[in-house]
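This briefing concerns a predicted model.

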Amino acid sequence: MDVCGFLCFLLLCAACCMYGKPTPRRERVHHQPELSRQPHEDNQSHQYDHEAFLGKEEATTFDQLTPEESQGRLGKIVDRIDSDADGYITTEELKMWIKRVQKRYVYENVAKVWSDYDLNKDDKISWEEYKQATYGYYLANPEEFEDATDQFSFKKMLPRDERRYKAADLDGDLLAEREEFTAFLHPEEFEHMNEIVILETLEDIDKNGDGFVDEDEYIADMFSHEEGGPEPDWVRTERDQFSDFRDLNKDGKMDADEIRHWILPQDYDHALAEARHLVYESDTDKDQMLTKEEILENWNMFVGSQATNYGEDLTKNHDEL
């Protein structure tokens, strides 16, 4: 086995562990992230707005910049928020921007591994490129895996990845651009990938393959019970949770809709609320939209004395955001 092949083998084994093996008390529920831990006190501080609009890590001190420099950077951000370039920022555009900057770590993660998969350097990752980079050694040397003690099936992982890739590939050309590949690697962060997240969760937990998750399967996903050992109190609490809140139709098992209700709760939309707040506070002509001028006139609410690494990134033409 050459070095490249060995590395591919290690990568594949790691992927098996990541995708195929539940961890103790695994957190399956996907909640919306906090926009900021700061209090929302507009009469005293706009710190909450700064962190919501810029992202927590990027909302660093801006004190070394003049107001003119601050507004210049903000103007560049506004141009990017205006996705249809019509000169107006809608609540929806602002909401999508806030959601995006709050997920910046996801895009940074994709940027770190992009070159590992973009083998022909065309700034797209085809399904064939991903398959070769991840499964190439296995596909070329299947005999080396037949006696593996791993409990995970490479034959099952490959079609599962292909199904997820095709769900993320919105235009169906089997060439993933950065946004599509990000959705492939982090499906829980994208609404259009919800069905894949639900299906993969069901497949992970449904050990008897009947298409449902019963109480014992639900518990086994969180807790490995030793023969004859007592269940901790928290496990008994989870059994009550299953019967009272997970199994909505009381048939003793969870179907796909009940799994959706469990892992994708309809949380309060913090990004939408903040977008509405920023529009309301800055919309001087009350047309329910913001122009660049209106935003720059109220620049203190958006960035204030907060500098950002993001502002510096704009001058480098990064594509992560």
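According to an unreviewed UniProt entry, the annotation "domain: EF-hand" applies to residues 69-104, 105-140 and 193-228.

**Annotated stretches**
- Residues 69-104 are 72% helix and 0% strand, and 23 Å separates the C-alpha atoms at the ends of this stretch.
- For residues 105-140 the content is 75% helix and 6% strand, with the end C-alpha atoms 34 Å apart.

**Helices H7 and H8**
- Helix H7 spans residues 154-168 and helix H8 spans residues 178-185; their axes come within 8 Å and cross at roughly 140°.
- This angle makes H7 oblique to H8, and the crossing of the two helices is right-handed.
- On the H7 side, Asp161, Arg164, Tyr165 and Ala168 take part in the contact, and they meet Glu180, Ala183, Phe184 and Leu185 of H8.
- By class, the residues of this H7 and H8 contact comprise five nonpolar, three charged and no polar.

- Glu177 lies in the loop that runs between strand E3 (175-176) and H8.
- The relative accessible area of Glu177 is 42%, so this residue counts as partly exposed.
- Setting aside neighbours within four places in sequence, Glu177 is in contact with Trp114 and Lys124.
- Although Glu177 and Lys124 are 53 residues apart in sequence, their C-alpha atoms are 4.9 Å apart in space.

How values were computed
Residues numbered from 1 in each chain as written. Predicted model: local features only at pLDDT ≥ 70, side-chain atom pairs only at ≥ 80, totals over all residues. Heavy atoms only, no water. Axes fitted to C-alpha atoms, helices over the stretch in contact; angles between N-to-C directions. Helix = DSSP H or I, 4+ residues; strand = E, 2+ residues; numbered from the N terminus. Parallel < 35°, antiparallel > 145°, perpendicular 65-115°, else oblique. Left-handed = near helix turned anticlockwise from the far one by under 90°. Contact = heavy atoms within 4.5 Å. Nonpolar A, V, L, I, M, F, W, Y, C, P; charged D, E, K, R; others polar. Buried < 20%, exposed > 50% of the residue type's maximum accessible area, 1.4 Å probe, protein only. UniProt positions renumbered as here; feature names shortened; annotations may be inferred.
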